[in-house]
Amino acid sequence: MSFCSFFDGEVYKDHFKPGMYVCSQCNNPLFSSRSKFLHSSPWPAFTETIKEDSVTKMMESLTAFKVLCGKCGNGLGHEFVNDGPEEGISRF
């Protein structure tokens, strides 16, 4: 996984096979398919990372954090607070 353009086709949005999603630059484990959920955004959506240090987060606003690979700093997109499948759950 890595930061992707809004206009490029995202291959993993509708991919729901069991497995692990890793950083495209360094293969750091980021998300498990168990935390993946269907969402209307054009990118894959997850409720949690594999480990707390799988990613690094930088606050962009009260409801969004910029998310980077915790190992190499590759841009992964955002965490949107309270935008998950249930109330109080974030969406990566």
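The following legends describe close-up views of a predicted model.

Residues are numbered from 1 along each chain as its sequence is written. Local features require a pLDDT of at least 70 and side-chain atom pairs a pLDDT of 80 or more, whereas totals for chains, interfaces and linings use all residues; side-chain values rest on heavy atoms, without hydrogens and water.

**View 1. Confidence along the protein chain.** The mean pLDDT (the predictor's confidence in each residue, from 0 to 100) of the protein chain is 87, and 85% of the residues score at least 70. Over residues 1–6 the pLDDT falls below 50, and beyond near neighbours in sequence this stretch makes 22 contacts in the model (contact: heavy atoms within 4.5 Å). Where pLDDT is low, the predicted coordinates should not be read in detail.

**View 2. The largest nonpolar core.** A nonpolar core is a set of buried Ala, Val, Leu, Ile, Met, Phe, Trp, Tyr and Cys residues joined through side-chain atoms within 4.5 Å. Buried denotes a relative accessible area under 20%, exposed one over 50%, and partly exposed a value in between, with a 1.4 Å probe and protein chains only. The largest core comprises 10 residues: Tyr 21, Cys 23, Leu 30, Phe 31, Phe 46, Val 55, Val 67, Cys 69, Leu 76 and Phe 92. Strands E2 and E6 (64–69) each contribute at least two residues to this core; strands (E, at least two residues) and helices (H or I, at least four) are DSSP runs numbered from the N terminus. In soluble globular proteins, nonpolar side chains tend to be buried together.

View 3. With a disulfide defined as a pair of cysteine sulfur atoms within 2.5 Å, the count is zero. Cys 69 takes part in no disulfide, the nearest cysteine sulfur being that of Cys 26 at 3.6 Å. Cys 69 is buried, at 2% relative accessibility. For Cys 72, the closest cysteine sulfur belongs to Cys 23 and lies 3.7 Å away, too far for a bond. Cys 72 is partly exposed, at 39% relative accessibility.

**View 4. Three salt bridges.** A salt bridge places a side-chain nitrogen of Lys or Arg within 4 Å of a carboxyl oxygen of Asp or Glu, and three are counted. The side chains of Glu 79 and Lys 57 form one of them, at 2.9 Å from N to O. Glu 79 belongs to strand E7 and Lys 57 to strand E5 (residues 55–61), so this pair ties together parts 22 residues apart in sequence. Glu 79 is buried, with a relative accessible area of 7%, whereas Lys 57 is partly exposed at 42%. Another salt bridge joins Arg 91 to Asp 83 at 2.6 Å, N to O; Arg 91 is buried at 10% and Asp 83 partly exposed at 29%. Lys 51 and Asp 53 also pair, at 3.9 Å from N to O, with Lys 51 partly exposed at 45% and Asp 53 exposed at 52%.

**View 5. The surroundings of Ser 90.** Ser 90 lies in the segment after strand E7 (75–80) and is buried, with a relative accessible area of 12%. Its side chain makes a polar contact of 3.1 Å with that of Glu 79. A polar contact is a pair of N or O atoms within 3.5 Å; within protein, one must be able to donate a hydrogen and the other to accept it, and residues adjacent in sequence count only if both atoms are side-chain atoms. Leaving aside neighbours within four places in sequence, the residues in contact with Ser 90 include Phe 46, Thr 47, Phe 80 and Asp 83.

**View 6. Thr 47 in the loop between E4 and E5.** Thr 47 is located in the loop between strand E4 (45–46) and E5, and is partly exposed at 24% relative accessibility. The C-alpha atoms of Thr 47 and Gly 84 are 6.3 Å apart, although the two residues are separated by 37 residues in sequence. Beyond neighbours within four places in sequence, the contacts of Thr 47 are with Ser 35, Phe 37, Pro 85, Ile 89, Ser 90 and Phe 92.

View 7. Most residues other than glycine have a negative phi. Asn 82, in the segment after E7, has a positive phi of about 60°. Asn 82 is exposed, at 52% relative accessibility.
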